[in-house]
Amino acid sequence: MKRTKVIDLLKATEFGKNVEVKGWVRTKRGSKAVNFIALNDGSTIKNVQIVVDVANFDENVLKQVTTGACIAVEGVLKESQGSEQSVEIQCVKIEVLGPAGDDYPLQKKGHTMEFLREHANIRMRTNTFGAVMRIRHNMAMAIHTFFHENGFFYLNTPIITASDAEGAGQMFQVTTLDLNNLPKNEDGKPDYSQDFFGSQTNLTVSGQLEGELGATALGAIYTFGPTFRAENSNTPRHLAEFWMVEPEIAFYDLNDLMDLEEKFIKYCVRWALDNCKDDLEFLNKMIDKTLIERLNHVVNESFVRLPYTEGIKILEEAIKNGKKFEFPISWGVDLASEHERYLVEEHFKKPVIMIDYPKEIKAFYMKMNADNKTVQGTDVLFPAIGEIIGGSVREESYQKLENRINELNINIDSYNWYMETRKWGSCPHAGFGLGFERLILFVTGMQNIRDVIPFPRTPKNAAF
Ligand code: ATP
Ligand code: MN
């Protein structure tokens, strides 16, 4: 018999036929005469109920049907008598494909997130992580669909790179040199000419620079791939390995960029509301009671567009009126997440796109404003998350870009290929980077970024 997925069984309106279902036992309860098994196969957060007349089955088989066991069931699909579900299966045959053993770590009682992180090999079997991973898949589909429908091409940029995109973060070095017997130059430094690529290489911190090459040929591209930062930042918002979505578009100015950022995020959140209803309702009940309300709010509100200088004024005003922040604030400093969250959650009560940052706190490639002090960077700030997107208009003038690189004492030699684009048919262009896991955090209401990726990589942790 062909197996039917639980998600399809629960939609059935024809009863009385035989079906087969396979999955993992969530619970078994009942009396000496009748057992009720709640079976989940991951296709949906909902379980299907299996009704077992104990007398018809081998006692030793039923004994193995415990929480966590994997079973195959054949039976008759029936309209359920109980109020909790629409259908149930009157069991005819049970096969235990994989017993759960005595040490199966998940029990019916709730487990802490910390406990589940230590059992990341099994945590996707829980309702919460099942919901998060189905939503994560849906967000990936939303992203590809959005860009495809809007004429963007999916461009795969390299994961191993010899350049340091903007110095966006600390990098992981990639090498095949023998660390126990390192070949060295005369000056005592490692001799990278003997390394695999003949130069020092790292895992990428951003696909942007290569993305710009795509945009200035194909018009509009996006990357969606793994990104690595060796920052020792043990926060609920940072991973050492995360996924980034980076669209880059020719002929875009600052307003075009902000329009895209807003339209794109709203599309993704709307997708979740439309396609992940059961999972969202579960998370709304169990994780965060204001989740769905917050998602609707973001879809329906216009984002505030706020120059950095005005943002600073608002924060200084708030301090005058008694608001306390841990970190000091004045024109020129980078906002801390407490400042971002004040603006978003308390002052405006809406997402904020902050623009026109002091050049000193942003990367070299951002387009300079006429004031020669601020650059056309955009950070999209979200409730509960803080920065979800960082983007900018790129400096397209060779001269201005070179000046900025010299000002910052960056070694221009490693950017030759990038600088050449500013000589060969340069054009205005812009783009942004969205941290995929930050989006998943927002859409699921989860509190810690370690819990929205299947197997998190953080300082001192690469288990599983
Ligand atoms: P933050 O200030 O939050 O550390 P950033 O300004 O260093 O981030 P960008 O270089 O602007 O980050 O990267 C673009 C986006 O990638 C960010 O807006 C964020 O959503 C995401 N991001 C950056 N660093 C991380 C990280 N370590 N883990 C997960 N997502 C990240
Ligand atoms: Mn940023």
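**Ligand 1 and the strands around it**

Trainee: Which strand gives the most to the shell around ligand 1?

Mentor: This is a predicted model, in which local features need pLDDT of at least 70, side-chain atom pairs count only at pLDDT 80 or more, and totals for chains, interfaces and linings use all residues. Residues are numbered from 1 along each chain as its sequence is written, chains are lettered from A and ligands numbered from 1 in the order in which they are written, and side-chain values use heavy atoms, with hydrogens and water left out. Strands are DSSP runs of E with at least two residues, numbered from the N terminus. With 4 residues, the element that gives the most to the shell is β15.

Trainee: Which residues come nearest to ligand 1?

Mentor: A residue is near a molecule if one of its heavy atoms lies within 4 Å of it. There are 15 residues around ligand 1, and those that come nearest are Arg-229, His-238, Leu-239, Glu-387 and Ile-388.

Trainee: How far from an oxygen atom of ligand 1 does a polar side-chain atom of Glu-387 lie?

Mentor: A polar contact here is a pair of N or O atoms within 3.5 Å. A polar backbone atom of Ile-388 is 2.9 Å from an oxygen atom of ligand 1, and an N or O atom in the side chain of Arg-438 is 3.0 Å from an oxygen atom of the ligand. For the polar side-chain atom of Glu-387, the distance to a ligand oxygen is 2.7 Å.

Trainee: What share of the area that ligand 1 exposes when taken alone does the protein bury?

Mentor: Accessible areas come from the Shrake-Rupley method with a 1.4 Å probe. Taken alone, ligand 1 exposes 590 Å², and the share buried by the protein is 82%.

Key: A polar contact is a pair of N or O atoms within 3.5 Å; within protein, one must be able to donate a hydrogen and the other to accept it, and residues adjacent in sequence count only if both atoms are side-chain atoms.
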